[in-house]
Amino acid sequence: MKRRNFIKKAGITGAVLGTTPSIFAKDFSVNQNTKKSSLPIAIATWNFHEATKRAGELLDNGTSALDAVEQGVMVEEANLKNTTVGNGGAPDRDGNVTLDACIMSPNGNAGSVVYLKNIEHPVSVARKVMEDTPHVMLAGEGALQFAIQNGFKKKNLLTENSEKAWKEWLKEKEYKPIINIENHDTIGMLCIDKDGDIAGACTTSGLAYKMNGRVGDSPIIGSGLFVDNEVGAAAATGMGEAIMKSVGSFLVVELMRNGKSPQEACKEAIERIVKKNDNHNDFQACFIAINKNGEVGGYSIHDGFSYAKYQDGENKNVKCKSHL
């Protein structure tokens with residue numbers, strides 16, 4: 001059943017919701033003195049330049065932001081050299097490659113999958129959840145069953161190289177996230193198309209050698225990704241537990257709603273994480289953001305974070321400022 005039909009049959013109306021005041025009551029208005037950037041634009045966490053190139057070229061040809069973000073992150077889901085996303089991702093400590101992903105459309109719809117095994121493109125399954133079910137998130141065996149029913153093919157995602165690295169890890173079984181290395185390379189992508197509509201996607205295989213069943217921020221709407229087409233969008237990467245506890249991407253968008261630039265909003269969101277976590281020296285957290293005018297920004301706890309940006313046919317890596 002399509003989401004809209006389910007909602008209609010459930011008899012949900014806006015009568016009650018419409019009378020509830022927002023906790024973020026301030027009206028959003030992009031700084032009228034800010035010059036609008038040339039559209040379209042694609043940005044992604046880290047230097048995933050092939051992903052932004054794919055999305056950017058599609059946007060240049062008139063593709064929607066939603067289609068562009070899906071196709072863009074799929075590049076990394078299929079990249080066997082990337083051990084943090086999709087096929088070839090590092091397994092959990094039991095040897096299972098489990099994938100998490102989410103996607104948001106300009107109209108506010110969202111879809112997500114968590115703990116998904118044996119499907120190369122979880123972002124596409126998340127989109128199916130968004131468009132073809134009344135739900136937002138499916139997990140584990142339910143997500144796999146849904147994917148297979150919708151034509152996705154099962155595939156062994158544990159590559160020879162990833163399996164070899166996992167077996168080496170088993171000798172010591174030491175778990176310590178390394179800042180800016182491998183287990184923080186989630187790809188979050190934000191696109192704004194020629195019509196000014198914004199969409200986002202986030203996909204990952206999670207922390208390398210995580211506990212079986214662990215899910216981080218990446219597929220959580222409001223944590224790893226949030227889109228409000230009236231305001232802008234944000235995506236996160238890094239230590240998911242810290243990002244989830246701050247509802248980071250939602251926070252960035254709300255800060256933009258209240259007048260901050262994407263850069264200022266990302267910086268404040270990171271500063272809140274730092275303030276709440278005495279051990280912030282030991283982990284990385286990063287945000288990227290874009291607003292309705294096409295302004296972009298990024299910020300992280302530690303040095304070394306960057307984002308890829310495609311605009312006006314140019315695809316470049318932008319180094320971000322950091323708290324430390």
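Mentor: Two residues or elements are in contact when heavy atoms lie within 4.5 Å. The model discussed here is predicted.

Trainee: With that cut-off, which strands does α4 lie across, and at what angle does α4 run to β3?

Mentor: Helix α4 covers residues 122-132. The strands that α4 lies across are β2 (99-104), β3 (110-116), β4 and β6 (198-204). The angle of α4 to β3 is about 130 degrees.

Trainee: Which helix packs on the sheet touching β3 and β4?

Mentor: The direction of this helix makes about 105 degrees with that of β4. The helix spans residues 140-149 and is α5.

Trainee: What is the strand order of the eight-stranded open sheet, and which are its edge strands?

Mentor: The pairing in this sheet is mixed, and the order is β4-β3-β2-β6-β5-β1-β11-β12. An edge strand here pairs on one side only. The edge strands, at 137-139 and 314-319, are β4 and β12.

Trainee: By how many degrees are neighbouring strands of that sheet turned against each other on average?

Mentor: Direction is ignored in this average. The value for neighbouring strands is 10 degrees.

Trainee: Are α3 and α4 roughly parallel or roughly antiparallel?

Mentor: Helix α3 (residues 65-77) packs against α4 with axes 8 Å apart and an angle of about 150 degrees. Angles over 145 degrees count as roughly antiparallel. The two helices are therefore roughly antiparallel.

Trainee: Which residues meet between α3 and α4, and how many of them are nonpolar, polar and charged?

Mentor: On the α3 side they are L66, D67, E70, V73, M74 and E77. On the α4 side they are P122, V123, S124, R127, M130 and E131. By class, this contact has six nonpolar, one polar and five charged residues.

Trainee: Why is β10 described as largely enclosed by the rest of the structure?

Mentor: Side chains in a regular strand alternate between the two faces of the sheet. In β10 (residues 296-300), V296, G298 and S300 lie on one side, G297 and Y299 lie on the other, and all are buried. Strand β10 is largely enclosed because its buried residues number five of five.

Trainee: Which residues stand opposite S300 in the neighbouring strands?

Mentor: Strand β9 (residues 285-291) pairs with β10 in the antiparallel sense over five bridges, and the β9–β10 hairpin has four residues between its strands, with G294 in the turn at a positive phi of about 90 degrees. Strand β13 (residues 321-322) runs parallel to β10, joined by two bridges.

How values were computed:
Residues numbered from 1 in each chain as written. Predicted model: local features only at pLDDT ≥ 70, side-chain atom pairs only at ≥ 80, totals over all residues. Heavy atoms only, no water. Axes fitted to C-alpha atoms, helices over the stretch in contact; angles between N-to-C directions. Parallel < 35°, antiparallel > 145°, perpendicular 65-115°, else oblique. Nonpolar A, V, L, I, M, F, W, Y, C, P; charged D, E, K, R; others polar. Buried < 20%, exposed > 50% of the residue type's maximum accessible area, 1.4 Å probe, protein only. Pairing = 2+ DSSP bridges.
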